[in-house]
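User: I would like to go through the labels given to this model and see what each rests on.

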Amino acid sequence: MLRQDAVGARVAPRLAARLLWGLAGVAVLTQVAYPLVHGPARSTLTIVTVYLGFAATTAHAWVHRGARWAGTLVAVAAGGGWLVEVVGVRTGVPFGSYEYAGSLGPRLLGVPVVIPLAWAMMAYPALLVGRRLVGAHRPATPLVAGWALAAWDVFLDPQMVAAGHWRWADPTPALPGVPGVPLTNYAGWIAAAVVIMAVLDRLPHRPAPEGQPALVYLWTYASQVLANLAFFGRPSVALIGGLLMGGVAIPYAVSLIRESR
């Protein structure tokens, strides 16, 4: 019996790790497929990608940091993201005046349910980016982690606006070469992301394998640069997003590589 228990203790973590990597891998594959499909299938794929990415990162937090930790992550990131989106849709603060189309599935108080799940999907990797680059519970951690989350939107918003999922009442002034998205949107993202990260950084810092959420974050960065250059015809988005998100993604990747060696 003792021997069986010992074998089970070794097998369970391996099985959990494989499942976590499998979830992340399927999420990556759906992102790969996005530029290759057209029409309504893209909307469906967008929703599926977020659900899978949310499941992957949240499951990682649960397995390696515990149910309470993961539950707090979802409550703060998804709940906070949903709340700021509800306020944004109704008042135009803090992003500017915008509205969602009916292409992203069911809504809750005017906000598609998939949107707060996207906040949580990337909030967890962004928190780990900030903690690695700065250190947990240091004053600059929420700033760096918030930047890691908000910079992703330089890729996200132009893609979603082009797909018709939401639109802005007044998309000016905008970033050079990135029409359709006002600067107020990015300012609102930074403000909301820093606040969310400041709350999340109060969670205990528990060392754990970082490869799976790192894959989600770094793949999102690299694939968006490539997709905007090769598939979407938006080189300005690739350049600006590559610089802004790359300011944290590249040092993060270098740190992981150095640690592995």
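User: How do the residues of the lining of the largest cavity divide into nonpolar, polar and charged?

Analyst: The model is predicted. In it, the lining of the largest cavity has six nonpolar residues, four polar and no charged. The residues are Ala24, Ala27, Val28, Gln31, Thr49, Gly53, Met121, Val216, Trp219 and Thr220. Gly counts as polar under the rule used, and Gly53 is in the lining.

User: What makes this space count as a cavity, and how many are there of 30 Å³ or more?

Analyst: A cavity is a set of points where a 1.4 Å probe fits but cannot get out. By this rule there is one cavity of 30 Å³ or more. The largest cavity holds about 60 Å³ of space.

User: Which helix gives the most to the lining of the largest cavity?

Analyst: Helix 1 does, with four residues. At least two residues each come from helix 1 (2–33), helix 2 (40–65) and helix 8 (211–230).

User: Which residues make the contact, and what classes are they?

Analyst: Helix 4 contributes residues including Trp119, Met122 and Arg131, and helix 5 contributes Thr141, Val144, Ala145, Ala148 and Leu149. By class, the contact has 11 nonpolar, two polar and one charged residues.

Conventions:
Residues numbered from 1 in each chain as written. Predicted model: local features only at pLDDT ≥ 70, side-chain atom pairs only at ≥ 80, totals over all residues. Heavy atoms only, no water. Contact = heavy atoms within 4.5 Å. 1 Å grid on protein atoms, 1.4 Å probe; cavity = no way out; pocket = protein on both sides within 12 Å on 5 of 7 lines; lining within 4 Å. Points joined across faces, edges and corners; volume = space filled by probe spheres on them.
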